Structure formats: structure tokens, C-alpha cells
Amino acid sequence: MEAVNGLKIVSVEAIPITLPFREPVSDSWGTYYASNHGIVVVRSEDGEYGAGEIALAWFGGAHALCKEVNEQWAPRLTGLEVGDITGSCAIMDGFCEFSKRHLLAKAGVEMALWDLWGKQTGVPLHRLLGGKLRDKLPLTGGISMGTVESTVEVATRKVAEGYKELKLKVGLDERKDLETLRRIRQAIPDSVPIRVDVNMAWKTAKQAKRLIDEMQHYGVRIVEQPLHSDCLTELAWLRQHTQALILIDEGVWDVADAKRNLEAGASDMLHVYISEAGGIREARRIFELAELYRQECTIGSMPEGRIGAAASAHVAAAMPNLSKHASDIRGFTGYAEDVAAEELPIVDGELLVPDRPGLGITIDWDRLEKLRAK
């Protein structure tokens with residue numbers, strides 16, 4: 001499918017913004033009150049635009065990456081055809097020494113290119129990726145760290161809202177984690193499975209096995225990144241010596257990371273982020289590689305606002321080996337404000353896949369200006 005009349009890119013701009021959380025978000029690394037992002041706007045000769053998002057920007061932050069996009073990448077992309085995603089990615093990969101930090105910026109730009117191409121051809125992104133296999137996506141009901149009482153209250157509320165799988169952050173206090181799980185299990189139906197996200201906090205495979213064995217008594221079926229991402233041998237051992245499924249998150253940014261984990265037998269499933277992968281095209285490659293190893297993947301999309309979440313939803317809708325276990329495309333619900341004009345509906349714990357051209361998202365320019373970083 002070609003871009004309409006070979007239209008050219010006339011501008012690329014990354015705009016730094018800050019999205020405030022509705023409530024502080026906590027994990028084993030800290031507590032956060034807002035999140036820095038970059039909104040990428042790519043315009044073509046006919047005045048149409050595509051929108052992308054730079055999110056999960058460690059290594060200096062999204063705002064620093066916006067500056068790099070505007071000064072280094074924008075001049076090199078201007079003049080290319082809108083639908084030349086491969087050529088645009090080759091330019092972004094080739095002009096500098098690439099790093100994981102740059103994957104985040106590349107993802108935001110590439111997301112905007114796909115959005116623009118979809119708008120100009122009049123089809124949703126999932127059609128450009130081969131077709132929609134599902135209309136809705138089961139999501140985890142996320143539970144941030146807090147007191148035992150507050151965590152149990154949130155878990156109960158998430159089940160009442162229709163989420164059919166819960167995800168609990170753990171890793172800082174073993175006794176508290178086990179007590180919290182015990183109390184949650186008492187408060188919710190046995191049919192609702194629990195996933196724990198360790199964020200690499202456990203130090204040894206022996207510790208991880210002991211805790212996983214105990215947590216399984218409370219309905220824990222999936223353990224996300226129990227050990228450091230470099231501990232591939234230990235993760236493979238853990239996978240063989242526990243009943244829970246090992247989901248790799250921090251250990252999978254790009255295709256090379258995925259290959260290392262798959263070859264080492266360190267995973268039962270991979271958690272794929274569009275941003276960390278370096279964009280939609282690279283995320284699809286991770287899914288395809290995992291399929292060769294007969295593994296399924298879930299989608300991680302915790303930091304993104306609605307633009308990044310929409311891109312994640314389209315990818316999830318089109319991948320044959322998306323797991324039936326829930327994905328994490330719900331981080332956008334935690335923001336008090338967003339630059340997108342459209343909502344992304346969640347019904348009974350499932351995200352409805354957008355069906356409008358491109359990402360199915362447009363920018364509210366007044367909100368963008370309000371949230372622009374000063």
C-alpha cells in the first residue's frame with residue numbers, strides 16, 4: 001500500500017510535555033507525581049499530520065530526546081515520502097551511534113510516521129500491519145505499592161470494575177508482599193489470577209524460587225522479571241523449577257534482547273514495549289521472533305499516554321501470538337490530563353481497539369500547549 005501521491009514529509013517536531021498523574025505511582029524504584037513525554041508531530045505536503053509519543057525516557061528524559069529529534073533527526077527526515085517507513089528508520093539508525101536511549105526517540109518518530117501514513121491511506125494502523133485479529137484486549141488491573149489495606153482496597157475495586165487479572169508490584173518487603181497477597185486472595189474470587197511484577201528486585205534465584213512457591217498459594221500464576229535482566233542462566237533455572245510463568249520485561253528492549261532471552265530459555269513469555277523496541281516495526285519483529293520459539297508475548301505500555309497506548313493497541317490487535325493473558329495497555333488511565341482529543345474506552349477490563357485511520361487519535365492543540373514543558 002503506497003502513500004497517497006507520494007507525498008513528502010515537510011516537517012518533524014518533537015514537543016516536550018509533562019503529564020500529571022491522578023495519584024502518585026510507586027514501584028520498587030520510587031514514587032512519581034508526573035511523567036515527562038515528547039509529542040512528535042510529522043506533517044506532509046497536504047497539511048495532514050501524524051502523531052507519536054516519546055515515553056519511558058530514562059537516560060536524560062523525554063525532554064532531552066525532543067531536543068535531539070528536532071536538531072538531529074528532523075532535517076534528515078524532511079523530504080522523504082510519508083510511507084517510506086523503512087527508509088526513515090534506516091536514517092534514524094544510521095546517522096549516529098545508536099543506543100537504547102535512542103530507541104525511545106525513534107519509536108516516537110516512527111509512530112507518527114505510521115499514523116500519518118494511515119491517515120493518508122484512510123485505514124487504521126492494524127490494517128497496515130496485516131489485519132485486526134481481535135477487537136478488544138484484556139488488560140491487567142494494576143495495583144501500585146502502598147499499605148496492605150490500601151492495596152487490598154484497590155484490588156477489590158479493580159475486580160468490581162471488571163478486570164479479570166490483577167498485577168501487583170512487589171519486591172521491597174517479603175513479609176509485606178506475602179501478607180498483601182494473602183489479604184487480596186481473601187478479598188477477591190479464586191477465579192481471578194494474580195501477576196506479580198518484581199522489577200528485578202529479588203537478588204538470587206534461590207530467593208525467587210522460595211517466594212514464588214509461597215506466592216502460588218495465593219493464586220500467583222505469572223511472575224514478571226523476578227531477577228536482573230543479565231541473569232539469564234538463573235532465569236532459565238527458575239523457569240524449570242517453578243510452576244509460575246516467567247514473563248521477561250526489563251530484559252527485553254529490542255530484538256537483540258529478545259533473541260538472548262529466547263536462546264537462553266529464560267522466558268515463558270516476553271513483555272513487548274513499542275517504545276523500548278524502537279517502534280512499531282521492531283515490536284512486530286520481536287513478536288515474530290518469539291513465534292519461532294513458540295512463545296507468546298504480552299504488550300507493556302505503562303508509561304505512555306493515549307497516543308502511545310493507541311499504537312500499542314493496534315500492534316496487539318494484529319499479532320497472532322499475543323497471549324491470552326492480559327496486557328498492560330492502561331497506563332494512560334493514570335494521567336489527570338492528556339493531549340489526545342479522543343478517549344480510549346475500557347469496558348469490563350478490556351481495551352477496545354481504535355478503528356479510525358492511522359492510530360485513531362488526534363491532538364487537542366489547546367491541551368498540548370497547556371501541558372508543554374516550560
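## A short tour of the predicted model

His37 is found in strand β2, which covers residues 30-44. Keep in mind as you look around that this is a predicted model.

Let us stay with this histidine for a moment. Is His37 buried or exposed? With a relative accessibility of 0%, His37 counts as buried, because the cut-off for that label is under 20%.

Next comes helix α3, residues 100-121. How far apart are the end C-alpha atoms of helix α3? They are 31 Å apart, which agrees with the 32 Å that its 22 residues should span at 1.5 Å a residue. Helix α3 is also mostly covered, with 20 of its 22 residues buried. Just after the helix, Gly122 takes a positive phi of about 80°.

Now for the rings. The structure holds 3 aromatic pairs, and here are two of them:

| Aromatic pair | Arrangement | Centre to centre | Between the planes |
|---|---|---|---|
| Tyr49 and Trp365 | edge-to-face | 5.2 Å | 70° |
| Trp114 and Trp117 | tilted | 5.6 Å | 40° |

Tyr49 is buried, with a relative accessible area of 11%. Trp365, at 36%, is partly exposed.

The tryptophan pair brings us back to helix α3. Why are Trp114 and Trp117 separated by about one helical turn? They are 3 residues apart in that helix, so about one turn lies between them. An α-helix has 3.6 residues a turn, so residues three or four places apart point the same way. Both tryptophans fall under the 20% cut-off for buried residues: Trp114 counts as buried at 4% relative accessibility, and Trp117 does so at 11%.

Which residue lies over the face of Tyr49? It is Lys119, at 4.1 Å from the ring centre. Tyr49 therefore has two partners to look for in the 3D view: Trp365, its edge-to-face partner in the aromatic pair, and Lys119 over its face.

Technical notes: Residues are numbered from 1 along each chain as its sequence is written. This is a predicted model: local features need pLDDT of at least 70, side-chain atom pairs count only at pLDDT 80 or more; totals for chains, interfaces and linings use all residues. Side-chain values use heavy atoms; hydrogens and water are left out. Helices (H or I, at least four residues) and strands (E, at least two) are DSSP runs, numbered from the N terminus. The expected span of a helix is 1.5 Å times one less than its number of residues. Buried means under 20% relative accessible area, exposed over 50%, partly exposed in between (1.4 Å probe, protein chains only). Rings of Phe, Tyr and Trp (its six-membered ring) pair if their centres lie within 6.5 Å; planes under 30 degrees apart count as stacked, over 60 as edge-to-face and the rest as tilted. A charge sits over a ring if NZ of Lys or CZ of Arg is within 6 Å of the ring centre and within 35 degrees of the ring normal.
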